[in-house]
Every structure is written in structure tokens, then in C-alpha cells.
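Here is a short briefing on one protein model. Look at the sequence and fold before reading on.

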Amino acid sequence: MNKLVVPASTENLEKVMDFVNHSLENVDMPLKSRFQLELAIEEVYVNIAKYAYDKKGGDVLIEFFFKKDPPIITIQFSDCGIQYNPLKKEDPDIKLKTSQKEIGGLGIYLIKKNVDYLGYEYDHGKNILTIQKKLEIIN
């Protein structure tokens, strides 16, 4: 397990992505899967950075787990911000014309579409969001 704690700020997105890329160094995975995972991680982190805390701010704990058999990457985000379960938000109707769509709401939808599991729990004052990506075995 690797972990990183950073202040919840979009200015730290590069640190978060560097942490993820470092954690993925020894993981053999298809480029498409890697791109999908990186997109999901960026969306989760940016949402926390923008909405979890008020002006005084707070930290985000990011934990990276890799299980080899079967190959699954699990990333958990924990914050002590405002309690919010993104899984309760209804998916947007992507078939609507652009002029009919509400602003926002695509981030969680994109996360759901790019990972194999998305879970949320609120425990002891912490939002805990977990994403998992199953990997194809590359020979």
C-alpha cells in the first residue's frame, strides 16, 4: 500500500497524479485502462478539492492498493469535509441536447463509466470513496 496526504486544493492535483503514476510504475496494464483510471482519480480528487471543505480547508488521504491475483487496483480517498455521497446523485441524461442539460454532474458519471467499482461510506466523520479497476492480464 502507498499513501499520500495533501491539502485539498486543485493546486495539488499534479502531486496526486505524480503519486498515482509512481504507484503504477510496476503495474503492467493496458494504456486504455491506465487512462480510464487516471481520469477517474483526477475527477474524484478535483471534486474533493472544490467541494469537500469550506474556506479553512482540510486534507485528503489517498491510499493505493494493488492485488496481483486477480489483478485489481484499489484507490481510496478519505476526507473530513462535508458529508456527501456522490452515489445518490442520479446519472445525467446524456441523450439530451446540450441546451437541455444541467450544468455539472458529469464527473461522477465519468468515474462510474471508467472504473469497475465505485463505493462510498461515511465513517467516524470521514467521507471514504473507493474506486477499483480490474486489469486484464497482459502476456
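Predicted model: local features only at pLDDT ≥ 70, side-chain atom pairs only at ≥ 80, totals over all residues.

Residues are numbered from 1 along each chain as its sequence is written, and side-chain values use heavy atoms, with hydrogens and water left out.

**Overall fold**
- The protein has 3 helices and 5 strands; these are DSSP runs numbered from the N terminus, helices being H or I of at least four residues and strands E of at least two.
- Along the sequence the pattern reads β-α-α-β-β-α-β-β.
- Of the 139 residues, 41% count as buried (under 20% relative accessible area, with exposed over 50% and partly exposed in between; 1.4 Å probe, protein chains only).
- Among contacts with a separation of 6 or more, 64% join residues 24 or more positions apart (contact: heavy atoms within 4.5 Å).

**Sheet**
- The 5 strands form an open sheet in the order β1-β2-β3-β5-β4, with antiparallel pairing (two strands pair if DSSP finds at least two bridges between them).
- β1 (2-7) and β4 (117-123) are the edge strands, each pairing on one side only.
- Neighbouring strands are turned by 15 degrees against each other on average, direction ignored (axes are lines fitted to C-alpha atoms, for helices over the stretch in contact; angles run from 0 to 180 degrees between N-to-C directions).
- β4 pairs with β5 (residues 126-134) in the antiparallel sense over 7 bridges.
- In β5, Ile 131 stands opposite Leu 118.
- Helix α1 (residues 13-23) lies across β1 and β2 (59-68), at about 175 degrees to β1.

**Salt bridge**
- The structure holds 1 salt bridge (a side-chain nitrogen of Lys or Arg within 4 Å of a carboxyl oxygen of Asp or Glu).
- Arg 34 pairs with Glu 38, the closest N and O atoms being 3.1 Å apart.
- Both belong to helix α2 (residues 31-51); they are 4 residues apart, so about one helical turn separates them.
- Arg 34 is partly exposed, at 21% relative accessible area.

**Largest pocket**
- The volume of the largest pocket is about 490 Å³ (the space filled by probe spheres set on the points, which are joined across faces, edges and corners).
- A pocket is an open set of points on a 1 Å grid over the protein atoms alone, where a 1.4 Å probe fits, with protein on both sides within 12 Å along at least five of seven lines; lining residues have an atom within 4 Å of a point.
- Its lining has 21 residues, with Asn 47, Ile 48, Tyr 51, Tyr 84 and Ile 108 nearest the centre.
- α2 gives the most to this lining, with 7 residues.
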